[in-house]
Every structure is written in structure tokens, then in C-alpha cells.
Amino acid sequence: MKLIFKKPTIETQKAMSHAALNPFTGRGINPEIKSAEEKIKELTGHDQVKLVNSGNSAIISVMNALKGPFILPDQGGWSGLKKIAEFLKREVYFIPTEKGIIYPDLLEEYLKQLPVLPSALFITSFAGYTAEQPAKELFEVCCENNIILVEDASGSVGDPEKRLCNGDHAHIIIASTGSPKIVNVGNGGFISTNEKKILDNSRFLLKTLRADPITATGISTEIKKAPFNLFETMHACKILKKNIQNTFHEDKRGINVIVPSSDPKAHSRILREKINLEGRSIITTCPIYDRLMEKAVCIEIKNLDTDCLNKENLSEIKEHVETTVFNTSNNEYPMHPKLKW
Ligand SMILES: Cc1ncc(COP(=O)(O)O)c(C=O)c1O
């Protein structure tokens, strides 16, 4: 099995090198930054976009612009959201979820019993990177209750079905373009919104945390491949979820696969040895807030180059997972013959 850890494409690397060797010396907004912001606007449909130097910079700039309290999912979110809210001394409520998924009717009920109306709900597009949140329905509840929905779309930029990372279903979208992400530049992030006031409230932070032109060039180039990367990654996860005998959220779109495990530490260690990627790993051990608060191991398909997501490699990953975690052989559950590759 030859797996390849995700890297920016050669085209992106060349474009970034070119930008490094040809720095902009004119006045005003750097054209590379402007061009990347325009491309993000096309994807999200929002009219305001700001590039920043990381996903967490985007989160801190947005949280700083809002008063709080904030609602976060009780699992399957991003731990940076918790840390940054704490750093900014914003109160946080953790909404109960169904293994990371927030149900819109439950959100409605939950809001009714809170002592103070929160200013925003922060979600990641995929709970634990493994199960799509009902973004549109959550957005509707948020609008009815005057709450801002902030979607961390680090895992969903370029959604071919336009259900995630869509400005029609989120007041604010933030994303990391670090590594390994769907827009995989190794650095950077962005904020996208129609609420100019949010960006004005954090003007100083946004200036301090702005992205450099080399990162902006990387984003402009890499974002073109985002819909393809996302589609291929989700497709590989769909196949694995269908074929591995027991996974969480098996019917939901996602970019990793999480399997229940009786001994997550031991199983992760064995799987890291079996699925070796020259020192890099695609295995995460649960329980962990960023994935699921369950005894489980995650196979981070999102970390892999789409070129290696072929039938042979996926069959071998399935085989390793099943023999390690479930102690059964592949023969009992052969790969689903009807799935297209
Ligand atoms: C969902 C999510 N949001 C935000 C971040 C933070 O991004 P950055 O490392 O660019 O600050 C990460 C990092 O892994 C993440 O997984």
C-alpha cells in the first residue's frame, strides 16, 4: 500500500515561489490578496472576505467582534473555538448533540431554557470531520432567534452540493487553509460574511493577523482544486463507511471515518504501524473533543492525497481496520461490489 500525505500541488508550489520572487512594491491592497479574496467570494456567495494567516486567527477575529455568550457543540467541534472563547473571556454554553450532530429542533428547545440569549452558534461543517451538520436548518433557527451562525468550513470549502460553506446558510464562514486541509496551502485562513460590521469591529486584529501575499497566491491556486479534492475525499469515506462493518454516522457525508473500539490506544498504535506514511499519521485516538467523545479510532482520509484514494488502498485500509479493531477477516465483509470507483 502506497499512501501519500497531502501536499500543495506542484502548480501551487510554483505559484507561491513565483510570488516570493516577485514581491509587490506598489501602493494599496496587494493584488494577490485581492484576487484570493475574490475567489473565496465566488465560492461562498458572501460579499466581504478577509484573508488571515491561520484558521485560529479567523476565529479570534470573529469572536473578538462578538459579545457572547457563544454556543458550541458538546463534541465534534474544534478545540480552538473553546480555547479562544476562554482567552477572550466569552461565556460558552455546550449544546448536547447526537455524537456531534446538532438537531435544529433541539437547538430551538435549548435556546428557550438558556438564562441569556447567546450572540452566536459556532459549528464545524462536519461534526468530528465525519458527519455533515444540517447547516441550512440550523441557520433558519439561528435567524428566527437573532443568533449569528458561524460555520468553520475548514473541511468543506468547495462543497459540490453547496450545502456546506455556502453563504446562504451561514452569517459567517471561517476556514483554515493550513495543512492538511481541503484548501491545502500549509498556512492561512479566511473570514467570509455579508456583515461588514463584524470585520470593522476587528479591524486592528485583522490588520495584525493578515495573510502574506505568498499564502494568498497559494490559496488562489489551491482553491481551484477544492471541489475535486472534497468530492474525492467524501467518496472514499462513503466507500469505507459502507464497507467497514461498524462506523459512526455511516450514512452521513464526511471526510474521515470513525470506528468504535474497545481499546482505542492500543488499536491506534497498531494501526499507525500498519498504515505507515513515512512518519506522518492518519490515525486519531478518541475520545477527543475535536472528533467524538467515544471510545473510537479515526481514519483521517482527509490527510491523504486524492491520487492514492484508489480501490486497492481503500481495501487495504478496510482490512487493517477490521483485523485490528474488530478482529475479523476481510472475507466476512467483502468490499461492496456495486460501488463505483
Ligand atoms: C476545524 C478546524 N478549524 C480551525 C483549525 C485551526 O486552523 P489553523 O491551524 O490554521 O489555525 C483547525 C486546525 O486543525 C481545524 O481542524
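How many residue pairs are in polar contact between domain 1 and domain 2? The count is 17 residue pairs, both residues being at pLDDT 80 or more; a polar contact is a pair of N or O atoms within 3.5 Å, in which, within protein, one must be able to donate a hydrogen and the other to accept it, and residues adjacent in sequence count only if both atoms are side-chain atoms. The model is predicted, with local features requiring pLDDT of at least 70 and side-chain atom pairs pLDDT 80 or more, while totals for chains, interfaces and linings use all residues. Residues are numbered from 1 along each chain as its sequence is written, and side-chain values use heavy atoms, without hydrogens and water.

**Domains**
- The domain assignment, which is automatic or from a database, gives domain 1 (10-225) and domain 2 (226-332).
- Their C-alpha centres are 26 Å apart.

**Extent of the interface**
- Contact (heavy atoms within 4.5 Å) involves 37 residues of domain 1 and 25 residues of domain 2.
- The buried area, meaning the accessible area (1.4 Å probe) that two parts lose on being put together, summed over both, is about 2700 Å², and carbon and sulfur atoms give 56% of this.
- Within domain 1, the residues losing the most area to domain 2 are Tyr 129, Thr 130 and Lys 225, together 26% of what that side buries.

**Salt bridges**
- Four salt bridges (a side-chain nitrogen of Lys or Arg within 4 Å of a carboxyl oxygen of Asp or Glu) are found across the interface of domain 1 and domain 2.
- Glu 132 forms a salt bridge with Arg 253, with 2.8 Å between the closest N and O atoms.
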